[in-house]
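Hello,

Here is the structure I said I would pass on. My notes follow below it.

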Amino acid sequence: MTPIIGSLRAPDVTFVPPQRMTGVHFFDMAQPQQSFIRIVKDPECTLVEFTEKHIIDEVVIRQIGNELTKLVDDSPRPRIVVTFKGVEHLSSAALGTLLTVMNRVKAKDGQLRLCDINAQILQIFQITKLNKILRIEKDLASAKASLGGNK
Amino acid sequence: MAHPAPGQSHDGRFERSWVLLEQRDSIEGLQSDVNDALAGCGYGEAASFAIRLALEEALVNGFRHGNKGNPSKHVIVECKIDPQGVELVVIDEGEGFDPGSVPDPTADENIDIPSGRGIMLMRAYMSSVEYLHPGNRLRIFYSNPNAAS
């Protein structure tokens, strides 16, 4: 393979024109913001499911972070299980949001569990060693079973 | 057999560049084209996953840290795919930076800090990751593990 750097022949270039205002994602303030999680109240915990299979867009991640933060703040002692069923891609920004949520949960003496993580996504947690500080369980049943203390 | 991406030769070789502003639609279009080209060149799911992840992290770094979120600044992506490997060059309009200045996110004192894992993930999934002087030009290479030697 001839490296791109130093190559004399420019490859085909696609200029992607702006299709709307750039760098800014507008939400109509009169409308509720789109949610990217589904919250299921369970007698044992609050279950969070993602509605997106790719958690990589910064706007999506910020919105997920805001919703999870509200969930934590609204509970005196949160018991949250986040299931990754259906999630195919995850970025480092999403990891950062999960860490922020974990820190808030810990500050309220609550519990956070992650579960149903596929092998490729699990590898991301292992590479970054976040599997050592985020409690990851195989599935929802084991995540619920691992929750201790008062409901 | 997957359909080749636009501009992809019959033997799977693909070479293309994009000039992007920070828009999700544009980034998804690029990712889709690269994914199609990878499939057209015989790359499997593991390679697609790794390259999508590395490209996403490179783009976020370019727009966020390189261009400092300035919506009028561009990121250029050059992509070259053949049966031996995938080369991506990502260039932002920033002043560049020293990748050695990024602290190890797996160190005990940094493990619960929410940021700083993008470069680490790129290094983990790609065969080589290098920032070229002055640091606003990133070259990443994925060597096809199934390539005929």
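How many residues of chain A are in contact with chain B, and with how many residues of chain B? The count is 33 residues of chain A against 42 residues of chain B, where contact means C-beta atoms, placed from the backbone, within 7 Å.

This is a predicted model: local features need pLDDT of at least 70, side-chain atom pairs count only at pLDDT 80 or more, and totals for chains, interfaces and linings use all residues. Residues are numbered from 1 along each chain as its sequence is written, while chains are lettered from A and ligands numbered from 1 in the order in which they are written.

On the side of chain A that touches chain B, helix 2 of chain A gives the most, with seven residues. Helices (H or I, at least four residues) and strands (E, at least two) are DSSP runs numbered from the N terminus.

Chain A also has an open sheet of five strands, in the order 2-3-5-7-8 with mixed pairing; strands pair if DSSP finds at least two bridges between them. Its edge strands are strand 2 (37-41) and strand 8 (136-137) of chain A, each pairing on one side only. Strand 5 (residues 79-83) and strand 7 (residues 111-115) of chain A are parallel, joined over five bridges. Within this pair, A:Val81 has A:Arg113 as its bridge partner.

In chain B, B:Ala58 touches B:Leu88, B:Val90, B:Met122, B:Leu138 and B:Ile140, leaving aside residues up to four places away in sequence.

Regards

Methods. Two residues are in contact if their C-beta atoms, placed from the backbone, lie within 7 Å.
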